[in-house]
Amino acid sequence: CRNTEAPIIVFTDGFNASWRAHPGSKPMLVAGSVRDPLKMVASAYCYHHEGKELPSQLMPTRALMSLGPEEGTQLAAEHMLQQVEWMASIFAKPQNSTLRLDFDTLTESSSGFDREVKRLMHHYFGSGDRFLTMEQRSKILDEVKALDEHRNYSADLSPYNGKSHSSSPKCQRKAYSAVAQMDSGL
C-alpha cells in the first residue's frame, strides 16, 4: 500500500506481522482468510497448471503447465513459501484486533459464506448502529451475496481473463496427494 496513513488499507497476499511492529504503525483492525497451506499449494498448482492466469507475476505458470503433480506442487510450494509464512505470522498468535476467517468455510457453502461475511462486518463495524444502520447492514449482506459462487456462477470468474478461478477436482485430488509426499524441508 502506498499510503500507509490511509484509514483503510487493503493488502492482498502481502500483509505480515511485521506491519504491526513497524515503528510508525497505528492501531489497526486486521481480517484475512486462512487456508490449509497444503490445500493452497495443491490449488495453486492446478490453477496455474491449467493455464488460467497467463502471465502471472507470482507463479512460474509456463513451467507449471508442463510439470506433473509431484514436480509441480514442489515448485508451487517453493514460490508460495513466503506468502504462507506471512499468513502464519499474522494468525499464529492473533491479537484481539485480528479476525481469522476460514477460507474453506467461506467458499464451501452459501451458509458458510454468509456466516463469515457477518463476522467480517461485525469485526469492522460492531453490532450496533454507530457506523451502519441496520438497513445499511442488511443491504450490504444482500449485495455481497452476488460474490458467493454457489449463488452466482460468474462470481468465480476472474476479472482479468473471464476464466473460472476454480480448478479441476481431479487435478486437486492428484495434487493434494502429491503435496503429502513433498519434501518436508519446505
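The legends below describe close-up views of a predicted model.

**View 1. The disulfide between Cys46 and Cys171.** The sulfur atoms of Cys46 and Cys171 are 2.3 Å apart, and the disulfide count comes to one. Cys46 belongs to helix 2 (residues 37–49) and Cys171 to helix 8 (residues 169–180), so the pair ties together parts that are 125 residues apart in sequence. The torsion about the S-S bond is about -95°, and the disulfide is therefore left-handed. Cys46 is buried, its relative accessible area being 0%; Cys171 is also buried, with a value of 14%.

**View 2. The largest nonpolar core, with 22 residues.** In soluble globular proteins, nonpolar side chains tend to be buried together. Within this core, the residues that touch the most other members are Val41, Tyr45, Met59, Leu64, Ala76 and Met80. At least two core residues come from each of strand 1 (30–34), helix 2, helix 4 (69–91) and helix 8. The most is given by helix 4, which supplies eight residues.

**View 3. The surroundings of Ala76.** When neighbours within four places in sequence are left aside, Ala76 is in contact with Val41, Tyr45, Met59 and Leu64.

Conventions. Residues numbered from 1 in each chain as written. Predicted model: local features only at pLDDT ≥ 70, side-chain atom pairs only at ≥ 80, totals over all residues. Heavy atoms only, no water. Disulfide = S-S within 2.5 Å. Helix = DSSP H or I, 4+ residues; strand = E, 2+ residues; numbered from the N terminus. Buried < 20%, exposed > 50% of the residue type's maximum accessible area, 1.4 Å probe, protein only. Core = buried A, V, L, I, M, F, W, Y, C linked by side-chain atoms within 4.5 Å. Contact = heavy atoms within 4.5 Å.
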